[in-house]
Amino acid sequence: MANERTRILVVDDEEIVRESLGGWLEKDGYTVGTMPEGRSAIEALKRERWSIMIVDLKMPGMDGLQVLEEAKKLQPDVAVVIMTAYATVDTAVSAMKMGAYDYLVKPFDPEELSLMMQKIVSQQSLVRENAVLRQALRQEYRFRDLLSKSPAMQSVFELARTAARSNSTILVLGESGSGKEVLARAIHAESPRAEGPFVAVSCAALTESLLESELFGHEKGAFTGAISRRKGKFEAAHGGTLFLDEVGDIGPKLQLDLLRVLEERRFHRVGGNEPIEVDVRIVAATNRDLRRAAREGKFREDLFYRLNVIPILIPPLRERREDIPLLVENFVERLSVEMKRRIEGLTPEAMSALMAHDWPGNVRELRNVLERGAVVASGPVIQLSDLGLPTKLDAPPRHGTLASLEEVERRHVAAMLAHTNGNVSQSARILGIDRVTLYNKMKKWGLRRDGEEAELAPGSEPSAGG
């Protein structure tokens, strides 16, 4: 029985073909629309969603291949079947290269048509189910705009959710690009202050005098150029959260001023005498080792302890490589929407390169690399050459020695198994190998279905299935 969402558009300049096709398809339970030529079919695509199009190859005006090209731009998921009485290998190859699902040779058997439609409907249903499952999987591994299946990051999410419910000061630690501000925003969104403002300040971007004015505001005439009173970020964040990024970069005087605000919850504007009380939750972040800086006298020890009430450490991306496929899939989908172009994914070689890269810039660097790849890619699949990653000669590793090609492959296979939750068939398909080859690699490297290492008894093999 046809799915009630399955809508088929028949495009042919011959009325008898449109009527006969429409009649057969309606008997099978489909919703059918017909158009006499290509332009009207394209207009129909602009107005409504269609699951399948059956398009004649030879028509006046727009031919079938032109309709196919425009249809894929408007509705990439629509399955297009080309009808032709001029069946040649060249025609079929051209249509399939442009994205046609299949082709039918006139005159065709109604039973052949029915079987093809059933096959398409079944495939589209499977695609929708997989999309729902992927979304559910993402929700399981998501904390607001952060995405991870790494046990270490899941612990970070759990601590962040707990900390968000309190009013305590939080210190987020992590390398540049690891997502410190994204985590701070997630904490704010999960907190009782979610309806209040979230105000971010980069402490490393301003001189000490400018940062003082930025944080506390100033009175008219407080310094040259202060032509009017200005409120600072503390006042702007009243009732909400103030995020102090790179707090380890602030100078000694501001360290003392910040300590007083944290202790007294009041301050003075620059050049002002009136005390201003604020209700602000502080989330600070740094990529520096503040504990060591405090021991060395480079950062006030009392301020460090005021900030370090709830420390949260974000691990670098190179220590949670199992997150890379999940992040890649998420970024690719976002880039497809932002750039308004169809991006289906990456080649196995490109994904292997991402898995092997050291990621000194962490998640931010990964996003930027994928954006470059999406921009320069000539087709819907991003190639290794599109990514612009440095070669090993250009960028020697910062940690340890170069891994062997076999070790890189082992890591990639392990990460893929973890990404697919142990689905061997899906892992093999994405890797571009058959299941037997994948099982042999798992046996060779002692990998379990979840990608973790396991000691296998002599002669034992990974279980079949999946």
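# A first look at the predicted chain

The chain's secondary structure comes to 19 helices and 16 strands, and what follows describes a predicted model rather than an experimental one. Of the 466 residues of the chain, 47% count as buried. Among the contacts between residues at least 6 apart in sequence, 68% join residues that are at least 24 apart.

## The nonpolar cores

The largest nonpolar core has 31 residues, and those with the most contacts inside it are Phe-234, Leu-242, Leu-244, Val-247 and Ile-250. At least two residues of this core come from each of β9 (198-202), α8, β10 (241-245), α10 (252-264), β13 (281-286), α11 (290-295) and α12 (301-307). Of these, α10 gives the most to the core, with five residues. Apart from this core lies another, of 27 residues, which has Leu-147, Ile-343, Val-363 and Val-369 among them.

## Helix α8 and Ser-213

Ser-213 is found in helix α8, which covers residues 208-216, and it counts as buried because its relative accessibility is 4%, where the limit for buried is under 20%. The side chain of Ser-213 is joined to that of His-218 by a polar contact of 2.8 Å. Leaving aside neighbours within four places in sequence, Ser-213 is in contact with Phe-223, Arg-230, Gly-232 and Val-270 as well as with His-218.

## Helix α15

Helix α15 (residues 362-376) has 15 residues, which at 1.5 Å a residue should span 21 Å, and its end C-alpha atoms are 22 Å apart, which agrees. The buried residues of α15 are Asn-362, Val-363, Glu-365, Leu-366, Arg-367, Val-369, Leu-370, Gly-373 and Ala-374. Against which elements do the buried residues of α15 pack? They pack against α13 (324-339), β15 (345-346), α14 (348-356), β16 (381-382) and α16 (384-387).

His-419 is found in helix α17 (residues 405-419), where it is buried, with a relative accessible area of 14%. The C-alpha atoms of His-419 and Asp-323 are separated by 7.8 Å, although these residues are 96 residues apart along the chain.

Helix α18 (residues 424-431) and α19 pack at an angle of about 100 degrees, and their axes are 9 Å apart. That angle makes α18 roughly perpendicular to α19, because angles of 65 to 115 degrees count as such. Where the two helices meet, α18 brings Val-424, Ser-425, Ser-427, Ala-428 and Leu-431, and α19 brings Arg-435, Leu-438, Tyr-439 and Met-442.

Leu-438 has its place in helix α19 (residues 435-445). Is Leu-438 buried or exposed? At 0% relative accessibility, Leu-438 counts as buried. Not counting residues up to four places away in sequence, Leu-438 touches Val-413, Leu-417, Val-424, Ser-427, Ala-428, Leu-431 and Ile-433. One of these, Val-413, is 25 residues apart from Leu-438 along the chain, and the C-alpha atoms of the two are separated by 8.4 Å.

## Backbone details in loops

Most residues other than glycine have a negative phi, and most peptide bonds are trans.

| Residue | Backbone feature | Angle |
|---|---|---|
| Lys-106 and Pro-107 | cis peptide bond | omega about -15 degrees |
| Glu-246 | positive phi, not a glycine | phi about 55 degrees |
| Arg-265 | positive phi, not a glycine | phi about 60 degrees |

Pro-107 has its place in the loop between β5 (102-105) and α5 (110-140). Glu-246 lies in the loop between β10 and α10, and this residue is buried, with a relative accessible area of 13%. Arg-265 lies in the loop between α10 and β11 (266-268), and at 30% relative accessibility Arg-265 counts as partly exposed.

Note on methods: Residues numbered from 1 in each chain as written. Predicted model: local features only at pLDDT ≥ 70, side-chain atom pairs only at ≥ 80, totals over all residues. Heavy atoms only, no water. Helix = DSSP H or I, 4+ residues; strand = E, 2+ residues; numbered from the N terminus. Buried < 20%, exposed > 50% of the residue type's maximum accessible area, 1.4 Å probe, protein only. Contact = heavy atoms within 4.5 Å. Expected span 1.5 Å × (residues − 1). Polar contact = N/O pair within 3.5 Å; in protein donor to acceptor, adjacent residues only side chain to side chain. Core = buried A, V, L, I, M, F, W, Y, C linked by side-chain atoms within 4.5 Å. Axes fitted to C-alpha atoms, helices over the stretch in contact; angles between N-to-C directions. Parallel < 35°, antiparallel > 145°, perpendicular 65-115°, else oblique.
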